Amino acid sequence: MSYPTNVKIVKLPCSGRVDILHLMKAMEEGADGVFVAGCLEGDCHYQAGNLRAKKRVAYVKEILDKIGVGGERVAMYNLSAGQGPRFAEIAREMTEKIRELGPSPIRIAKRQAGERPTTEEAA
Amino acid sequence: MIIAKPKPIDEIINEVKDLDKILVAGCDGCVTVCEAGGMKEAQILGSALRMYFRQAGKDTKVDEISLTRQCDRPYLEQAADKVKEYDAVVSLACGAGVQFLAETFNGKPIFPGVNTCFIGVTEQKGEWTERCQACGDCILASTGGICPIARCSKRMSNGPCGGSSNGNCEISKDTACGWHLIYERLKELGQLDRFERPNEPKNWSTSRDGGPRKVIKEVSHQ
């Protein structure tokens, strides 16, 4: 199983731990896109963690659309922990989508301002 | 507590887009509990504004702070040095906090970041409902602890009216009829005889009809 090396994984015990601020900060730091991989709907070990994450992702999408960064840069995917190949497929799909969109306007602006790339950008 | 909800980000951007240094000020009181204007919401707004300015090619400085309360002078004064560093403040406090901030920092533009809605309660996480309209003359003792001013769409002193149907108000099937609630509650308390003694017309001068209000507690007053 292989997935694009540009994808940096942040492990959390449940997608319900994903906070609006986590997604906002990742974008603010210059990530081109962020996707949340939660369990299949109805299969959350903590009952509704993935449904909460879904709402938070939708909220962040709305903000990013309004501030000119683009809500399509964040996404929510649902898959089980046993679906490794599906994870790789999603990672490729997301990478493709983001590549088509091009670098995030935040990253472009940071580069123009001559700021040092963050670890995420360097990766 | 006072319930508020965040203003749309585009409305806030429209107010502050030409500024160079902006402070987003949350409040640790009511608006923190109703998830509209605490430190977390200040950080979310701060992050969104920074991203907006970045992509627009502007080097605007945006920082966040949250005050213990924006409706008390000592807490506002604690932020005085910080506020001085910025062109303007976006306050996420209720309307009272926004105004007190503006009064305290005369000459500093202050923008509201939330819409203040009502005095209410937390029904469940993420859901708040109205309970009190601060009319200044509480009649809950005669209405089974349910306020007809806040819960009846017409604020009727005696009800229900003809628009009550199956316990719901005519304005929406999702809105309970306040007077139906009062009836059921008084029935449970064995106090239905209260309906035989209509409430007197309400004196609204203790409410907004009497103009802006003031409370003085002599024993504490200086």
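Biologist: What makes Asp63(B) count as buried, partly exposed or exposed?

Modeller: This is a predicted model, and in it Asp63(B) has a relative accessibility of 22%. Buried means under 20% and exposed means over 50%, so Asp63(B) counts as partly exposed.

Biologist: And how do you know that the side chains of Lys61(B) and Asp63(B) meet in a salt bridge?

Modeller: The distance from N to O is 3.1 Å, and the cut-off for a salt bridge is 4 Å, so the pair qualifies. Lys61(B), at 37% relative accessibility, counts as partly exposed.

Biologist: Why are Arg107(A) and Asp32(A) said to tie together parts that are apart in sequence?

Modeller: Their side chains meet in a salt bridge, with 2.6 Å from N to O. Arg107(A) belongs to helix 4 (residues 105–112) of chain A, whereas Asp32(A) sits in the loop between helix 1 (20–29) and strand 1 of that chain, so the pair ties together parts that are 75 residues apart in sequence. Arg107(A) counts as buried at 15% relative accessibility, and Asp32(A) is buried with a relative accessible area of 19%, since the limit is under 20%.

Biologist: What separates Asp81(B) and Lys84(B), in terms of helical turns?

Modeller: About one helical turn, because the two are three residues apart in helix 5 (residues 80–84) of chain B. Over all chains the structure holds 20 salt bridges, and a network of them links Lys25(A), Glu28(A), Arg50(B) and Glu64(B).

Biologist: How do you know which residues line one face of helix 3 of chain A?

Modeller: The buried residues of that helix are Phe87(A), Ala88(A), Ile90(A), Ala91(A), Met94(A), Thr95(A) and Ile98(A). Seen down the axis of helix 3 of chain A, they fall within an arc of 160 degrees, so they line one face of the helix. These buried residues pack against strand 1 (34–38) and strand 2 (74–78) of chain A, while the face turned away from the buried side carries the exposed residues Pro85(A) and Glu100(A).

Biologist: What span would be expected for helix 3 of chain A, and what does the model give?

Modeller: Helix 3 (residues 84–101) has 18 residues and reaches 26 Å from its first C-alpha to its last, close to the 26 Å expected at 1.5 Å a residue. Gly102(A), which follows the helix, has a positive phi, near 85 degrees.

Biologist: Which residues touch the most other members of the largest nonpolar core?

Modeller: Among its 47 residues, Ile67(A) and Leu49(B) do. Helix 3 (residues 39–55) of chain B gives this core its largest share, eight residues. Leaving aside neighbours within four places in sequence, Ile67(A) is in contact with Ile9(B), Ile13(B), Ala48(B), Met51(B), Tyr52(B) and Gln55(B). Another core, of 14 residues, lies apart from the largest one, and includes Leu23(B), Ile65(B), Val83(B) and Phe105(B).

Biologist: How do you know whether the radius of gyration of chain A agrees with that of a compact globule?

Modeller: A compact globule with 123 residues would have a radius near 14 Å, and chain A has 15 Å, which agrees. The C-alpha trace of chain A spans about 45 × 30 × 20 Å along its principal axes, and buried residues make up 42% of the 123 residues in the chain.

Definitions and conventions. Residues are numbered from 1 along each chain as its sequence is written. Chains are lettered from A and ligands numbered from 1 in the order in which they are written. This is a predicted model: local features need pLDDT of at least 70, side-chain atom pairs count only at pLDDT 80 or more; totals for chains, interfaces and linings use all residues. Side-chain values use heavy atoms; hydrogens and water are left out. Helices (H or I, at least four residues) and strands (E, at least two) are DSSP runs, numbered from the N terminus. The expected span of a helix is 1.5 Å times one less than its number of residues. Buried means under 20% relative accessible area, exposed over 50%, partly exposed in between (1.4 Å probe, protein chains only). The arc is that of the directions from the helix axis to the C-beta atoms. Contact means heavy atoms within 4.5 Å. A nonpolar core is a set of buried Ala, Val, Leu, Ile, Met, Phe, Trp, Tyr and Cys residues joined through side-chain atoms within 4.5 Å. The radius of gyration is taken over C-alpha atoms; the globule rule is 2.2 Å times the number of residues to the power 0.38.
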